Amino acid sequence: PEIANCKFDNGQSILELAMQKDCLSVIRALLNFRYCRGDTHKHIAVVKNLVVKNIIAPTSQVYKYFIDLEKFFNMLKKDVKETKRNEFARMLAIYPEIVNLKFEKNTTLMLVIMTGDVNRVEEILKYKPDINDQTDKKITALMTAAEKGNIKIVEKLIEAGANIKAKTKNGWTALIIAAQYGHLEVVKKLINLGADVDARGNNG
């Protein structure tokens, strides 16, 4: 699968070539590989630039696809709870690969967790996202939930296979994060499930 992230002599990736050729099926297949997902925010910018340069048309399948993704992520950033519930489910059903994409470094799951909407988290988990995917700082969805102190979401993530012992770049675990933010209920839950109480950050 690493070939999905290979670049041609001109520095162009397979994904970028598929964008130029309006090959939506190829793009959606490539986005299922972690190696070439990148940041959806940047992909959207690339596609918009292709339209400006008249390389692809604003009526192309690829342009419409990435505009739909932009609308979806903007919906999450504003407040997912204020949007129509069926719209969220509809987008997931049409574009199931969206559960593993990243937007401005956060995964779709992390963005929903930030809103505190348990129902939306459950909806995403039905599509079996990469539950332990990390940001460039090695932050996971469970760590995001631990920071927010949402015990119900923490429980849902652990049931789905979240790694309670994962560490950020600075050595913090979900337990350390929950304790740092004073979320006692989450701390107790993580300890009961076997979190390492002796874990320390890189700075002690």
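Glu97 is buried, with a relative accessible area of 7%; buried here means under 20%, exposed over 50%, and partly exposed in between, using a 1.4 Å probe and protein chains only. Its partner in a salt bridge is Arg28, and the closest N and O atoms are 2.8 Å apart. By salt bridge I mean a side-chain nitrogen of Lys or Arg within 4 Å of a carboxyl oxygen of Asp or Glu. This pair links distant parts of the chain, 69 residues apart: Arg28 sits in helix α2 (residues 24-30), Glu97 in the loop between α6 (85-94) and β1 (102-103). Arg28 itself is partly exposed, at 25%.

A quick word on what you are looking at. This is a predicted model, where local features need pLDDT of at least 70, side-chain atom pairs count only at pLDDT 80 or more, and totals for chains, interfaces and linings use all residues. Residues are numbered from 1 along each chain as its sequence is written, and side-chain values use heavy atoms, with hydrogens and water left out. Helices (H or I, at least four residues) and strands (E, at least two) are DSSP runs, numbered from the N terminus.

How confident is the predictor, then? On pLDDT, its confidence in each residue from 0 to 100, the chain has a mean of 87, and 88% of its residues reach 70 or more. Where pLDDT is low, the predicted coordinates should not be read in detail.

What do they pack against?

Asn150 lies in the loop between α9 and α10. At 18% relative accessibility, Asn150 counts as buried. Leaving aside residues up to four places away in sequence, Asn150 touches Gly116, Val118, Ala145 and Val186. Asn150 also caps the N-terminal end of α10, with a side-chain oxygen 3.3 Å from the backbone nitrogen of Lys152.

That brings us to α10 (residues 151-159), whose buried residues are Ile151, Ile153, Val154, Leu157 and Ile158. Why are they on the same side of α10? Because they cover an arc of only 160 degrees around the axis, taking the directions from the helix axis to the C-beta atoms. As a reminder, an α-helix has 3.6 residues a turn, so residues three or four places apart point the same way. On the other side of α10, Lys152 and Glu159 are exposed. The buried residues pack against α7 (108-115), α8 (118-125), α9 (141-148) and α12 (184-192). After α10 comes Gly161, with a positive phi near 105 degrees.

Back to salt bridges to finish: how many does a search of the whole structure find? There are 8. One of them joins Lys156 and Glu122, with the closest N and O atoms 2.9 Å apart. Here too the pair links distant parts of the chain, Lys156 in α10 and Glu122 in α8, 34 residues apart. Lys156 is partly exposed at 28%, and Glu122 is partly exposed at 29%. Another joins Glu123 and Lys126, at 3.5 Å between the closest N and O atoms; Lys126 counts as exposed, at 59%.

Terms used:
Contact means heavy atoms within 4.5 Å. A polar contact is a pair of N or O atoms within 3.5 Å; within protein, one must be able to donate a hydrogen and the other to accept it, and residues adjacent in sequence count only if both atoms are side-chain atoms. pLDDT is the predictor's confidence in each residue, from 0 to 100.
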